[in-house]
Amino acid sequence: MTDPRLPAAFLQPGTSSFSDFLAAQAPDLLPSRRAVPQGHAGDLAPHGTTIVAATFPGGVVMAGDRRATMGNIIAQRDIEKVFPADEFSAVGIAGTAGLAVEMVRLFQTELEHYEKIEGSTLSMDGKSNRLAALIRSNLGMAMQGLAVVPLFAGYDLNHGQGRIFSYDVTGGRYEETAFHSVGSGSLFARGSLKKLYRDDFSADQTVQAVVEALYDAADDDSATGGPDITRRIFPVVQVMTADGGRRLADDEVATIADRVIAGRMTRPDGPTAPLEQGAR
Amino acid sequence: MSMPFYVSPEQLMKDRADFARKGIGRGRSVVAVQYADGVLFVSENPSQALHKVSEIYDRIAFAAVGRYNEFENLRIAGVRLADMRGYAYDRRDVTGRGLANAYAQTLGTIFSSGGEKPYEVEIFVAEIGDAPADDQIYRLTYDGQVADEHGYAVMGGQADTVGEYLREHYTEGASLDDALTVAVAALGHTSADNGGSEDRVIPTEDLEVAVLDRTRTQPRKFARLRPTRLDALLGDRGPATHAAQPEQLGEPAEAPAPVGDEPPIAPPG
């Protein structure tokens with residue numbers, strides 16, 4: 001910046017959206033504005049994999065494994081794919097890691113920017129719609145193999161409950177009930193949660209259920225990383241309640257992961273679900 | 001058409017400064033006080049929606065007096081500048097000094113350009129560091145001057161009276177409740193024309209109080225203190241009285257502008 005003055009556009013009243021402001025003032029900073037030459041670019045960059053979210057009475061839990069892959073190579077063992085979006089919500093990302101991390105940064109700034117300018121936070125639906133708009137603007141890149149598919153979850157202060165939103169590459173936004181998963185291991189994680197999930201779980205039980213689900217995803221999907229017991233790398237777990245969101249400390253997750261692994265030592269397929277309908 | 005007449009540059013600048021000062025003098029004061037864990041802002045502002053103190057970034061806050069629409073524009077510009085820099089570089093690269101510099105250049109240019117009326121605002125930009133010694137309070141005036149304040153700072157209508165009270169009662173490294181008590185008492189302190197003084201207890205619902213608190217675990221250190229919290233911090237202060245004339249923040253020029261108070265704009269040509 002050569003001129004130290006505030007540019008005239010900064011002083012104009014108008015949008016309270018940071019991405020709209022960037023689009024007008026510095027479009028080259030937007031991740032979706034980059035021109036990518038024709039062809040498939042999907043194999044050039046690492047991909048993030050499995051994200052799981054599940055609600056419980058009074059909140060919602062989101063967790064992600066720590067692996068990024070590039071073809072058959074493990075690009076990173078300790079990547080973080082679950083981020084707090086603001087005080088009460090979190091976003092987990094699957095797809096092209098670099099673009100996704102940048103999009104999360106833009107989304108975080110977008111929410112904070114709105115909050116500071118308007119003096120109030122966006123509603124949960126408002127936040128999820130803003131994220132949909134960011135994904136939609138990335139469609140061109142997605143068609144060239146650089147897709148980003150997030151999972152958004154948070155505690156809705158107006159409704160007094162945890163909520164989960166999933167997306168498709170065109171920016172479609174779908175509210176999920178109870179639990180959901182995205183990424184390459186999502187089929188296995190969802191199957192696992194289907195059997196383990198109960199709607200009267202406490203926060204701790206929900207955390208254990210999603211860690212089990214990630215273990216099952218890693219069990220059957222080569223791109224999803226299981227708990228790394230030699231390097232002590234464990235999933236990132238974010239718990240959001242009416243008191244705000246918090247990332248569980250590594251040793252807390254380690255305790256749960258160790259319990260899950262201990263269980264799998266005797267029963268590699270994990271806990272059994274009762275066969276009878278309605279049995280608790 | 002009348003002939004443009006000669007006005008000396010000194011007179012022109014003085015007129016513009018007087019004009020800006022008059023606008024600022026109509027508003028109520030804002031106090032910024034350094035305390036053990038950061039910086040405390042207090043002002044008497046019954047409005048819950050129109051704020052005089054706001055968050056700019058993780059460790060940076062903004063406070064202003066004067067014409068609401070003008071300082072609101074400056075605040076939004078500051079938020080945009082900070083968020084854009086933090087997004088393009090990193091959150092740690094957003095500094096209070098950079099922001100104060102941008103404000104100073106902007107206000108200075110507007111003040112000395114003939115075409116626009118000067119902004120009737122005075123601003124604090126405060127930034128907290130990891131230790132009290134790293135805390136900064138910058139005061140920016142309508143003409144773009146920057147001053148580095150230490151301990152406490154006051155701006156707005158009764159700045160002299162309030163400042164004098166703080167000079168006598170301010171202690172360095174005070175706790176939050178002590179600093180708050182002194183700051184609120186300072187705002188309620190008025191000196192009468194006959195040399196005496198009067199101390200009014202301002203009701204907590206009329207106070208706008210915010211802190212930059214380095215002990216907060218979140219990266220964003222700015223927090224507003226609500227009336228219930230203020231009651232707990234201030235304790236029993238005796239019967240409270242509202243201000244005699246409520247200030248209209250949206251339209252600070254509540255007194256009808258006397259004739260000849262138009263913005264001094266240089267004659268064209």
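Residues are numbered from 1 along each chain as its sequence is written, while chains are lettered from A and ligands numbered from 1 in the order in which they are written. Because the model is predicted, local features need pLDDT of at least 70 and side-chain atom pairs count only at pLDDT 80 or more, whereas totals for chains, interfaces and linings use all residues.

**View 1. The contact between chain A and chain B.** Chain A gives 16 residues to this contact and chain B gives 17 residues, where two residues are in contact if their C-beta atoms, placed from the backbone, lie within 7 Å. On the side of chain A that touches chain B, the elements giving two or more residues are α1 (8–11), α2 (18–25) and α3 (97–118) of chain A, and α3(A) provides the largest share with five residues. Helices (H or I, at least four residues) and strands (E, at least two) are DSSP runs, numbered from the N terminus.

**View 2. Two packed helices of chain B.** Helix α2 (residues 68–88) of chain B packs against helix α3 (residues 96–112) of chain B at an angle of about 135 degrees, with the axes 11 Å apart; axes are lines fitted to C-alpha atoms, for helices over the stretch in contact, and angles run from 0 to 180 degrees between N-to-C directions. The two helices α2(B) and α3(B) are therefore oblique to each other, a term for angles left over when those under 35 degrees count as roughly parallel, over 145 as roughly antiparallel and 65 to 115 as roughly perpendicular. Leu74(B), Gly78(B), Leu81(B) and Ala82(B) in α2(B) meet Leu99(B), Ala102(B) and Tyr103(B) in α3(B).

**View 3. An open sheet of chain B.** Five strands with antiparallel pairing follow the order β8-β1-β2-β11-β12 in chain B, and two strands pair if DSSP finds at least two bridges between them. The edge strands, each pairing on one side only, are β8 (152–155) and β12 (222–225) of chain B. Helix α4 (residues 159–169) of chain B lies across β1 (30–35) and β8 of chain B, running at about 165 degrees to β8(B).

**View 4. An open sheet of chain A.** Here five strands of chain A, with antiparallel pairing, are ordered β11-β2-β3-β12-β13. Strand β2 (residues 51–56) of chain A pairs with β11(A) in the antiparallel sense over four bridges, and Val52(A) stands opposite Ser181(A) in β11(A). Helix α6 (residues 186–196) of chain A lies across β2 and β11 of chain A, at about 165 degrees to β11(A).
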